[in-house]
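Reader: Please walk me through how to read this one, feature by feature. I am happy to start wherever you like.

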Amino acid sequence: MSTNILQKYIRKMEKLRIDRARGAAPNKPLLLLAVIERIEQGQIPENKIVLSPELAEAFLKYWSKLTDRKPNIAMPFFHLKSEGFWHLHPNPGYETALGVASQLKTASRIREVIAYASFDDELFLLLTDTHDREVIRQTLVNTYFADFKQVIESLITEKQQIDKYRRSLLRQVKHTFSSLQPLAQIKTEKPIRTAGFRRAIMRIYNYTCAVCQLYVLTLDGESITEAAHIIPFKVSGNNDVRNGISLCQLHHWSFDRGLISVDRNYKVIVSELMLERGPTEWTLTTLRDKPILLPEHDEFYPAQDALAWHREEILRR
Ligand SMILES: [Zn+2]
């Protein structure tokens, strides 16, 4: 890509029209940082930027470092169009709604009206290039977050480490599963490990509880599901995704306490201790013998060794 084109967009990035009123954090550069992060992670392979919960979550992470005010990703997602390089593509039937800014103030309304946004093609190309993307990111950080440079840069680094760790977990399934991994060999710091494991499991199970199939994902990326270890991490030191399963908060709690488990045919076992006691036990007992939700690819299935360990050591009989 020619340096002229890069220079052209650097100048545009330096001159974003920002609403600095009432202590608001600069919305547009934060959204751009979040989009750049998603491109870097390979989550936006083509020039179509959807207002997904994951994008909202990425935006929220930056936002919360800068201000306590309530974030609203809808504002920059819509108003970035005035910069000329960000284009909005309406869903069929909503072509005229695009012109009315006052109607597009919430994320749910944006998702209803706008199918996706796109960059100028030449800008998107720049953003897919490691070097040019970094130059643009630095321009945004230096121009709009000079006072928060360290905070923003350490957040970017942390997010990169989490994603790198997530990718390493996915590569691990090429090797034979081993239940216990020496704790001494773990070099990644705990927050990175926890976030990377969670992210890997959430993507594999699409934020759905494997036991009851509950799916609650808010528009800002909050989910009711958690990444559970089958053999607890403090026992196994094992963040292999095959030692993981996505569970809602009720079933994570029940699984960790041995009230439910999973048999070798991936069906739910409910502890005998839970049967026919109390009026609300049905929340667990109706799950008995139901097949769990399995990942799309069998290489990510829960490991039989880990499930056997859970039945032996945790399940209450
Ligand atoms: Zn559940």
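Author: Let's begin with Tyr266, which counts as buried because its relative accessibility is 15% (buried is under 20% relative accessible area, exposed over 50%, partly exposed in between, with a 1.4 Å probe and protein chains only). This is a predicted model, where local features need pLDDT of at least 70, side-chain atom pairs count only at pLDDT 80 or more, and totals for chains, interfaces and linings use all residues. Residues are numbered from 1 along each chain as its sequence is written, and side-chain values use heavy atoms, leaving out hydrogens and water.

Reader: Where is Tyr266 found?

Author: Tyr266 sits in the loop between β5 (260-262) and β6 (268-270) (strands are DSSP E runs of at least two residues, helices H or I runs of at least four, numbered from the N terminus). Its phi is near 60°, a positive value in a residue other than glycine. Asn206, in the loop between α9 and β3, also has a positive phi, near 50°. At 46% relative accessibility, Asn206 counts as partly exposed.

Reader: Which protein donors does the zinc ion have?

Author: Donors are N, O and S atoms within 2.8 Å of the metal (3.2 Å for Na, K and Ca); water is not among the atoms, so sites may look incomplete. Here they are Cys209 (SG), Cys212 (SG), Cys248 (SG) and His251 (ND1), at 2.1 to 2.3 Å from the zinc ion. Along the chain, their spacing reads C-x2-C-x35-C-x2-H. Cys209 is in the loop between α9 (190-205) and β3 (225-229) and Cys248 in strand β4 (residues 244-248), so the pair ties together parts 39 residues apart in sequence. Cys209 counts as buried at 0% relative accessibility, and Cys248 counts as buried at 4%.

Reader: What arrangement do the 4 donor atoms make around the zinc ion?

Author: Ideal angles for four tetrahedral donors are 109.5 degrees. In this site the 4 donor atoms subtend angles of 95 to 119°, which makes the arrangement tetrahedral.

Reader: At what angle do the axes of helix α1 and helix α6 cross?

Author: Axes are lines fitted to C-alpha atoms, for helices over the stretch in contact, with angles running from 0 to 180 degrees between N-to-C directions. Those of α1 (residues 3-14) and α6 (residues 121-128) come within 10 Å and cross at roughly 95°. That makes α1 roughly perpendicular to α6 (65 to 115 degrees; under 35 is roughly parallel, over 145 roughly antiparallel, the rest oblique).

Conventions. Four donors count as tetrahedral if all angles lie between 85 and 135 degrees; four count as square planar and six as octahedral if opposite donors are over 155 degrees apart and all others between 65 and 115; anything else is irregular.
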